[in-house]
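Hi there,

Here is the structure I promised to pass on to you. Have a look at it first, and then read on for my notes.

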Amino acid sequence: MVMDIGATVPSVVDESDGISKDTLLAKLDVATILEYLRKNNLKNAETALLGENPLPASAPNAVPKAEPASAAPLKSLETYKSTEAPSTFENDYENFLKFIDGTLEAYKDELRLLKYPAFIHMYLNLVYNNHEHSAIVFHDEFVEQQEDFHLEYLEKLRTIRKRTHMQTDPLMNTIRTTKYTIKMCQEIYNHLKRHLQENGMTTFLSVVNDHLYFDIYDGAPRTAQQTVVSTGSLVGETKKDSNKVKVLYGLLKEPELNIPFEDEEETEDGDKPKKKKSRRDISSLRKSKNDPNAPSLTRIPLPELRDIDKQEKVLIFKDSMKRANLGPNSPPSICFYTFLNSFAGVCSCAFTDDSSMLAAGFENSQIKVWTLSNHKLRSMKSGDILTELDKESDDILERMMDSSTASDSKNLIGHSGPVYAVCFSHDRHYILSSSEDGTVRLWSLLTWTNLVCYKGHNYPVFDVQFSNHGFYFVSGGHDRLARLWSTDHHQPIRILAGHYSDVNCVKFHPNSNYVATGSSDRVVRLFDLANGNCVRNMAGHKGMILSLCFSTCGRYLASAGADNSIHIWDLSNGTLVAQLSEHSGPVISLAFSREGSVLASGGMDNQVCLWDMLPLNEERAPADTNTQQNLELVSIPCISKFPTKSTPVMCLHFSRRNLLLAAGTFRK
């Protein structure tokens, strides 16, 4: 279990015992986690962690004694203590705005990034020193100077009027205890520091020293577009060192399967044998050399393929031979499922991988599953009858089902709050659900009963997703954490920490080695499940993130949210490669076509947009992390838009033959 709890480690490390600095710092983090586990009496997790990470004898002695829970907030508040007159804050901020207007044009874009964090901390400084009236005057005078995408936080800021508010408000706690990151050219940074010192702007200088972190780079200043696309998060931009760890984004090697080819399609036509030959050529591609960017099959424990899994892969391969080729001149057909007259509002919905079933979670805590094929939904026979069946018969799975229970839909009841997410397993035997009641439930689609109730989150759970390989699933919620689970353990096996606000959406990478999370802090993070570390930190959205989707090749990640835009990230270096803006409302659903040539997006603006992803599918060399500020965005054209009458697009899914399925609730 790995958890980032922001522990303080000594700045000086003694390497006389032969342990490197990096190694000892890692051991200190482990020791801090052990202290957390012992405090919460999590003995099983403590034992497992000690087995994976034995501590050297010198490490426990180097860990500073933990401060009381209330000590950290009080300590951070002391940085706001000031004897300056209230008018000094107003004068210094106004002088800084004049400094921006009078500086070189090339310097202005990066200097403007200081306006928002300086405004917030100068306001809090006035509040802490009991200058409530002056703080309100300061806020009202300069709030119009801030960017529109910061208004969500600034509206909450104005409600902070007393020192006690600063101690209790969660948003203010994050702002106070976390330094705001700004990337800045070395030349501009020297120019700024010299101006503040020469003009005696002490209050502004104290904010810069105490609450801002400058990520300095060499080279030319960034342009306006380059600064805008990287700002917007609660804690500023991404540090350049955050994305240096290599990500194995390649796909796992497919198992070798003997796929039978039917000859019944062959006729006297001369073209038919050629089609059969092309099939064999395609099957041989599955046995090509390993992807150098792919993780090994043993990097994380994955379940062994069962016979039923192998049969399913054969069906997927056969369907791929009949898949429609999509592109700018051949958009997909769309089948839209609309929920009408739902007395309990629909909170979530999901399709099975083979598009045979649709599930929806409702506000009244129920889950309903519909069949989308000619096959009815049936329950398993009772145990007494099952014992009498011949287990060696070829049709045992069919004989286990009770035809008298067949129906077009089934209800699942067990949650005590709105169901925020549902997700099918790939073998269609299980379904996961998460709810406001803080639990994740695993349901059987054979008996239509609740099998397990997973309790780990302390607050509502907003999303839950199965791994592409089964066995593992991940959840995220209001407690700012994502948790990795396995179906055979009732406790999480990884705690993925790092976000500063709600975790709204989670997504497994196609190779099941990584998990992406999107949060209300406007940051997308990628976690390595082998150790629980955050290996990618991607900031640039201007609103909370509501949807995530990996490309079929595994290299790109699409994220969308309340800022009405879609961002495409390159996981090889964590940089933004494209920004898509055609929606007029929050984007809440994303889906890549099966071969990755088309991206579909749906939102609260009641429309489906299709995007041509072929420019990204062209071979791109990974960029140097140290020069990512000069990267140019790729232009992704919108193929077409498909509006609905009055139905937000809650869910999108491409079938195995590239038919686009969508679902949403009709709003009167």
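A term to begin with: buried means under 20% relative accessible area, exposed means over 50%, and partly exposed lies in between, with a 1.4 Å probe and protein chains only. Helices (H or I, at least four residues) and strands (E, at least two) are DSSP runs, numbered from the N terminus.

Please keep in mind that this is a predicted model, in which local features need pLDDT of at least 70 and side-chain atom pairs count only at pLDDT 80 or more, while totals for chains, interfaces and linings use all residues. Residues are numbered from 1 along each chain as its sequence is written, and side-chain values use heavy atoms, with hydrogens and water left out.

**The chain as a whole**

The chain has 668 residues, of which 50% are buried. Its secondary structure amounts to 19 helices and 31 strands. Taking contacts (heavy atoms within 4.5 Å) between residues at least 6 apart in sequence, 61% of them join residues at least 24 apart.

Strand 16 (residues 482–486) has five of its five residues buried, so it is largely enclosed by the rest of the structure. In a regular strand the side chains alternate between the two faces of the sheet. Here Ala 482, Leu 484 and Ser 486 point one way, Arg 483 and Trp 485 point the other way, and all are buried.

Two strands pair if DSSP finds at least two bridges between them. Strand 15 (residues 472–477) runs antiparallel to strand 16 and is joined to it by five bridges, with Ser 486 as the bridge partner of Tyr 472. These two strands form a hairpin with four residues between them, and Arg 480 in the turn has a positive phi of about 70°. Strand 17 (residues 494–496) is also antiparallel to strand 16, through three bridges, and its Ile 495 stands opposite Arg 483.

Strand 5 (residues 357–362) is mostly covered, with six of its six residues buried. Met 357, Ala 359 and Gly 361 lie on one side, and Leu 358, Ala 360 and Phe 362 on the other.

Strand 4 (residues 346–351) pairs with strand 5 in the antiparallel sense over five bridges, and Phe 351 has Leu 358 as its bridge partner. Their hairpin has five residues between the strands, and Ser 355 takes a positive phi near 65° there. Strand 6 (residues 366–371) pairs with strand 5 in the antiparallel sense over five bridges. In this pair, the bridge partner of Leu 358 is Trp 370. The hairpin of strand 5 and strand 6 has three residues between the strands, with Ser 365 at a positive phi near 80°.

Strands of a sheet pair through backbone hydrogen bonds, either parallel or antiparallel. Strand 12 (residues 439–444) pairs with strand 13 over five bridges, and Trp 443 has Asn 450 as its bridge partner.

Axes are lines fitted to C-alpha atoms, for helices over the stretch in contact, and angles run from 0 to 180 degrees between N-to-C directions. Angles under 35 degrees count as roughly parallel, over 145 as roughly antiparallel, 65 to 115 as roughly perpendicular and the rest as oblique.

Helix 5 (residues 86–102) packs with helix 8 (residues 132–142) at an angle of about 15°, the axes being 10 Å apart. The two helices are therefore roughly parallel to each other. Helix 5 contributes Pro 86, Phe 89, Glu 90, Tyr 93, Glu 94 and Leu 97 to the contact, and helix 8 contributes Ser 134, Phe 138, Glu 141 and Phe 142.

With helix 13 (residues 202–211), helix 5 crosses at roughly 75°, and the axes come within 8 Å. Helix 5 is therefore roughly perpendicular to helix 13. Thr 88, Phe 89, Asp 92, Tyr 93 and Phe 96 of helix 5 meet Thr 202, Thr 203 and Phe 204 of helix 13.

Best wishes
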